[in-house]
Structure formats: C-alpha cells, structure tokens
Amino acid sequence: MKKYNVILLAVASLLLCACTEIAQKKEEKQDAQQARQEELAQVDPLPSWNNTATKQAIIDYVTKVTTVGGQDFIPESHRIATFDNDGTLWCEQPLYIEVLYSIDATKAIAKGKPELQQKPELKALAAGDPGPLLKSGEKGLQEAFGISHVAVSPEEFDKMATAWLDTATHKRFKQKYADLTYLPMVELLQYLQKNAFKTYIVSGGSSLFIRNISVELYNVPVEQVIGTMLKASYVAASKSIVFTPAIWLSDDNVGKPEGIFQIIGRKPVLAFGNSDGDLQMLEWTASNNPYASLSLLLHHTDREREYAYDKDSKIGKLDKALTEGQANGWIIVDMKKDFNKIFSFE
C-alpha cells in the first residue's frame, strides 16, 4: 500500500509539472503575440495611406481582433481575409489585364495554328489587327480567353503569361502591368499577414493567370488563389492535366461566396472589393458572422493619378455594392482622399 501511494504521488507530481509547463508555454505565447502587436503599433503599417478615419478604422479593427483577451479577439485559424484582384489590388482600366493578355496570346497561338484563322477576326488578329476581334464584343473576347487558356498546356500557359508580364506595358502609364499594383493595398496585405491573417485572392479573373503573380506581387501562395476555373481533365496516357473550355467555377457575383465556402470552408472575417461583382462576397462576410467582421470597397475617384469611375463604367461597375455599403456601414475607401500614393513608381 505504501508503495502504491508513492507511485500515486509520483504520477501526481508529473501531472502537476506538465500542467505548469503547458500554462507557462501558453502565457509565453500570449506575451509574444502582445509584444508583436506592440512592435507593429510603433511603426506606421500603412505609410501610403493618408491619416484619415478610413486608415484608423482599419488599424483599430486589426488591433481589436488580434488583442489576446479582448472581447473581439479572433483565433489565428479564423483570420481569413479575401481580396478581389482587378481594380482592388491592381489597375483594371481601360481593359482587364488578363483580357489584354488573352488577346496577345491568342494572336501568337493563331499564327502557328492555321485552322484557327478560318474565322476572319482571328485571321486579322494573327496578322496584327485586333480591331475585328474587339468589335465582336464579349463573344470575341470569350473566344480569345478560351484559346489562350485551353489551346496550350498549363505549363506552356505559365511560360507565356510570365513572359508577357515581363514585357507588356500599359499605354497610359508606360509601366509593366505587373508594376500597376496599388501600393496601399499591398501594404494592407502585408499588415494583415504580419498579424497572422491568411490572405486569399478571390477574383473573377482566372486562377491560372493570377497564380503567376500572386506570390511575387502579393505574397499570397498559389493555393490561396480562388479565381474563375476551367474544367480540368487528367489524361492517363500522358500523365498530364489539360483544360477544357467548360467553366468549373465562375468566380464572380454569387460565385465568390460559393467558391470561398467550397474551397476554404470558412467565412472570411475581412473582405475587400471594388465592384458590384464583389457585392455577394462582402455582404456574406458581414452577415451572421460569429466574429467581428470588416467589409471594404475601393472607390476609384482619382482621374489624375489613376481613373475615376463607378456606376457608369463597363469595367469594374460600382453601383449596387456602393449603395449597400453606404447603407450598412462598410468602409468605403476613397482613392483620392485615402491614398497618398497609388503606385510604387510615383
């Protein structure tokens, strides 16, 4: 019996030590998180933003949801932030960058495939005249998208897209398209990432294209890119993946929350967009969220440094989302008032 008591005391002692060690590690982790937060607070995390109420509201939100012990604290596993790409993270005027790539890529592909030149607009494009294709409107652009994304292997697509992004330039700004990211938005991504947010790009553009820029431009891993997706098929004979023209996910409007739910499996706590195509993602984030949430819209109001457009624009139309955002207290970021610098090359 005495021996049994000794064993019990030994086990109890070990359990006590283990519990003490766990408590100490938990306390050390909380101290480290608090120290990191205090360190970030000492340096302006958003230097390209003007010191407006908008900037302060963003900082206040991040502070309250990352403060250990606070009533709005969000565990790191639930700090999901989703960002649209075109018009939110980089320039989308006067035409979506991926559409411009599709036109140039289709031109190169059509040159080597005479069968594609049976159509007059593609024959003209191969000869260097994009006019007929552009005049054919949305139908022609969709055809170019299909050819540029399906007529080559995924590996060849990546090579072509990377090479194009290394050389193609914007006519107005005379800069590479890859340099047309909005510096304040890149800073916001970095700020969130430093505060243990998992940042996703959720775009109407294709995942195939955006994955070529997500790491270098935004520090967003390719597996955290949710875009419009073509149906992929596995070819056993060549042990390879090929794409078909069929759409597997149309990642715009209702497709955004649907894609987020299916792929991430969690509702974001922060969502940022710039157009009516982002409306459902923002309203879903703001509704019945178990955590404090933040929905934001970037309103393009600076025609001198970039472009000014909203409800009357064919590209990045902002009408219903702006009305709903204003009515529901979303943060409306005014590019002219809130950004002291738009592009890094300014």
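A residue counts as buried here when its relative accessible area is under 20%. Keep that cut-off in hand as we walk through this predicted model, starting with its aromatic rings.

By that criterion Y182 is buried, and F343 is buried too. Their ring centres lie 5.8 Å apart with the planes at 40 degrees, so the pair is tilted. Y182 sits in the loop between α7 and α8 (183–194), while F343 belongs to the segment after α14 (335–338), so this contact ties together parts that are 161 residues apart in sequence.

The structure holds eleven aromatic pairs in total. Another of them joins Y101 and W164 edge-to-face, at 5.6 Å centre to centre and with 70 degrees between the planes. Helix α3 carries Y101 and helix α7 (residues 154–167) carries W164, so here the parts tied together are 63 residues apart in sequence. For a charge over a ring, look at R172, which lies over the face of Y307 at 4.8 Å from the ring centre.

Now to the open spaces. The largest pocket holds about 1,100 Å³. Its lining has 32 residues, with Y96, V99, E138, G204 and D252 the closest to the centre. Helix α6 contributes the most, five residues, and the lining divides into nine nonpolar, twelve polar and eleven charged residues.

The second largest pocket has a volume of about 400 Å³. Among its 18 lining residues, L95, L100, D104, K171 and Y177 lie nearest the centre. Here α3 gives the largest share, four residues, and the lining comprises eleven nonpolar, two polar and five charged residues.

Conventions:
Residues are numbered from 1 along each chain as its sequence is written. This is a predicted model: local features need pLDDT of at least 70, side-chain atom pairs count only at pLDDT 80 or more; totals for chains, interfaces and linings use all residues. Side-chain values use heavy atoms; hydrogens and water are left out. On a 1 Å grid over the protein atoms alone, a cavity is a set of points where a 1.4 Å probe fits but cannot get out, and a pocket is an open set with protein on both sides within 12 Å along at least five of seven lines; lining residues have an atom within 4 Å of a point. Grid points are joined across faces, edges and corners, and a volume is the space filled by probe spheres set on the points. Helices (H or I, at least four residues) and strands (E, at least two) are DSSP runs, numbered from the N terminus. Ala, Val, Leu, Ile, Met, Phe, Trp, Tyr, Cys and Pro count as nonpolar, Asp, Glu, Lys and Arg as charged, and the others, Gly among them, as polar. Rings of Phe, Tyr and Trp (its six-membered ring) pair if their centres lie within 6.5 Å; planes under 30 degrees apart count as stacked, over 60 as edge-to-face and the rest as tilted. Buried means under 20% relative accessible area, exposed over 50%, partly exposed in between (1.4 Å probe, protein chains only). A charge sits over a ring if NZ of Lys or CZ of Arg is within 6 Å of the ring centre and within 35 degrees of the ring normal.
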